[in-house]
Amino acid sequence: MVANCFAEKSTNTLAKRASSITLFLKWVEVNGVDLNDAMTEAGVYNYVEYLRAAGAPATRGRSFIEAVFFCKGALGLHVPEGLAASARVRGAVARSWERKRLTKKAPPIKVKHVSLMETLACTADTHTRVVAGYLCYLIHARGRCGDVARITREPVLDSVVEDGCGFLEVVADAVKTTRGERKRRLGFPVVALEWGVGSAPWAPAWLQARADAGLNANVDRMLMPAVGLGASFSKGIAMTANQTTDIMRHMLVRGGAAAIEVEAYTSHSCKATVLSWMAKAGVKIADRRLLGGHAKPGEFTTLEYSRDALAGPLAAVANV
């Protein structure tokens with residue numbers, strides 16, 4: 001029954017809600033509060049006011065309230081009467097939120113650093129080529145690390161196109177934007193240009209490096225396993241966003257980039273890079289939305305497109 005209640009929720013959402021509830025239960029236990037008293041308007045107020053006064057992370061109070069109402073909707077949890085309208089609870093949460101730092105967007109990666117990663121994907125040792133090529137795929141396919149690393153099919157290179165510039169593509173089972181019963185059953189093409197900004201095509205070199213390293217998403221059930229000790233990969237464990245960030249920065253510095261230039265890069269910088277180029281070049285927003293894999297609420301068209309529908313936006317990428 002519980003599995004059915006959570007079937008339409010993403011694992012990240014469930015983990016976030018569970019963390020909020022766990023922290024609340026620890027507070028109840030440490031302070032010897034009766035759980036029945038804790039789950040009243042007064043008890044909830046005491047907890048969120050405690051979070052504010054103790055200098056807990058600015059989002060923790062709001063996350064807890066969201067988790068409570070999440071459990072109400074998904075599991076039928078009894079919510080204290082008047083909690084939603086409680087001015088003092090909302091006030092304590094709002095005062096905590098005021099301490100939140102301004103949201104910082106991941107900066108796009110500079111062209112010279114993209115070129116450096118493409119060079120590494122073509123010329124370095126096998127292990128480095130695998131990782132550098134994966135970073136290139138994230139950049140040129142405008143992908144999120146959490147989605148791309150867990151793709152369960154090996155990408156295919158189609159070089160038989162005009163001008164010799166082909167596509168590296170694979171159909172992903174699900175991505176961040178494909179939630180809900182129908183959307184989760186849609187295939188989502190993750191497509192990148194074979195050539196990037198460097199002097200050689202990175203895509204075929206990456207696929208060859210993957211083969212040399214014994215990696216195959218069809219067999220491994222993931223595209224990019226985590227990096228283990230030495231020049232090994234941890235089969236069965238997908239590379240995380242944090243590891244991607246650390247490896248990318250280290251690889252760029254080792255390749256000659258200045259540390260101060262790359263310290264702000266994160267794994268999400270890979271997704272932002274090409275989209276930033278498109279925005280600066282004046283590419284229309286509809287094409288940029290397709291390239292980013294986003295859809296307006298209620299729309300399915302941007303989730304159901306094939307590579308053919310991406311032809312125009314990808315041509316714009318090639319021109320830029």
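**Cores, helix packing and sheet in a predicted model**

Leaving aside neighbours within four places in sequence, Tyr134 is in contact (heavy atoms within 4.5 Å) with Cys145, Val148, Ala149, Trp206, Met224, Met239 and Thr244. The model is predicted: local features need pLDDT of at least 70 and side-chain atom pairs count only at pLDDT 80 or more, while totals for chains, interfaces and linings use all residues. Residues are numbered from 1 along each chain as its sequence is written, and side-chain values use heavy atoms, with hydrogens and water left out.

**Chain overview**

- The chain holds 17 helices and five strands; these are DSSP runs, H or I of at least four residues for helices and E of at least two for strands, numbered from the N terminus.
- Of its 320 residues, 42% count as buried. Buried stands for under 20% relative accessible area, exposed for over 50%, and partly exposed for values in between (1.4 Å probe, protein chains only).
- Among contacts with a separation of 6 or more, 62% join residues 24 or more positions apart.

**Nonpolar cores**

- A nonpolar core is a set of buried Ala, Val, Leu, Ile, Met, Phe, Trp, Tyr and Cys residues joined through side-chain atoms within 4.5 Å.
- The largest such core has 62 residues, of which Tyr134, Tyr137 and Trp202 touch the most other members.
- Helix H8 (residues 126-140) contributes the most to this core, namely nine residues.
- A second, separate core has 18 residues, including Met39, Leu83, Ala92 and Val93.
- In soluble globular proteins, nonpolar side chains tend to be buried together.

**Helices H5 and H6**

- Helix H5 (residues 60-75) packs with helix H6 (residues 87-97) at an angle of about 140 degrees, and their axes are 7 Å apart.
- H5 is therefore oblique to H6. Angles under 35 degrees count as roughly parallel, over 145 as roughly antiparallel, 65 to 115 as roughly perpendicular and the rest as oblique.
- Gly61, Arg62 and Ile65 of H5 meet Val89, Val93 and Trp97 of H6.
- By class, four nonpolar, one polar and one charged residues make up this contact; Ala, Val, Leu, Ile, Met, Phe, Trp, Tyr, Cys and Pro count as nonpolar, Asp, Glu, Lys and Arg as charged, and the others, Gly among them, as polar.
- Axes are lines fitted to C-alpha atoms, for helices over the stretch in contact, and angles run from 0 to 180 degrees between N-to-C directions.

**Three-stranded sheet**

- An open sheet of three strands runs in the order E1-E2-E3 with antiparallel pairing; two strands pair if DSSP finds at least two bridges between them.
- Strand E1 (156-158) and strand E3 (188-193) are the edges, each with a single partner strand, so one side of each has no neighbour in the sheet.
- Neighbouring strands are turned by 30 degrees against each other on average, direction ignored.
- Strand E2 (residues 167-172) pairs with E3 in the antiparallel sense over six bridges.
- Val170 stands opposite Val190 in E3, and Ala172 stands opposite Phe188 in E3.
- H8 packs on the sheet and touches E2 and E3, its direction making about 110 degrees with that of E3.
- Six of the six residues of E3 are buried. Phe188, Val190 and Ala192 point one way from the strand, and Pro189, Val191 and Leu193 the other way.

**Helix H10 and Ala203**

- In helix H10 (residues 202-212), the buried residues are Trp202, Ala203, Ala205, Trp206, Leu207, Ala209 and Arg210.
- These buried residues pack against helix H7 (111-123), H8, E1, E2, E3 and helix H11 (217-220).
- Ala203 has a relative accessible area of 0% and is therefore buried.
- Leaving aside neighbours within four places in sequence, Ala203 is in contact with Leu157, Leu168 and Glu194.
- Ala203 and Tyr134 are 69 residues apart along the chain, and their C-alpha atoms are separated by 9.3 Å.
- Gly214 follows H10 and has a positive phi, near 80 degrees.

**Val253**

- Val253 is found in helix H12 (residues 241-254).
- Its relative accessibility is 37%, so Val253 counts as partly exposed.
- Not counting residues up to four places away in sequence, Val253 touches Ala259 and Val262.
- Val253 and His113 are 140 residues apart in sequence and 9.8 Å apart in space, C-alpha to C-alpha.
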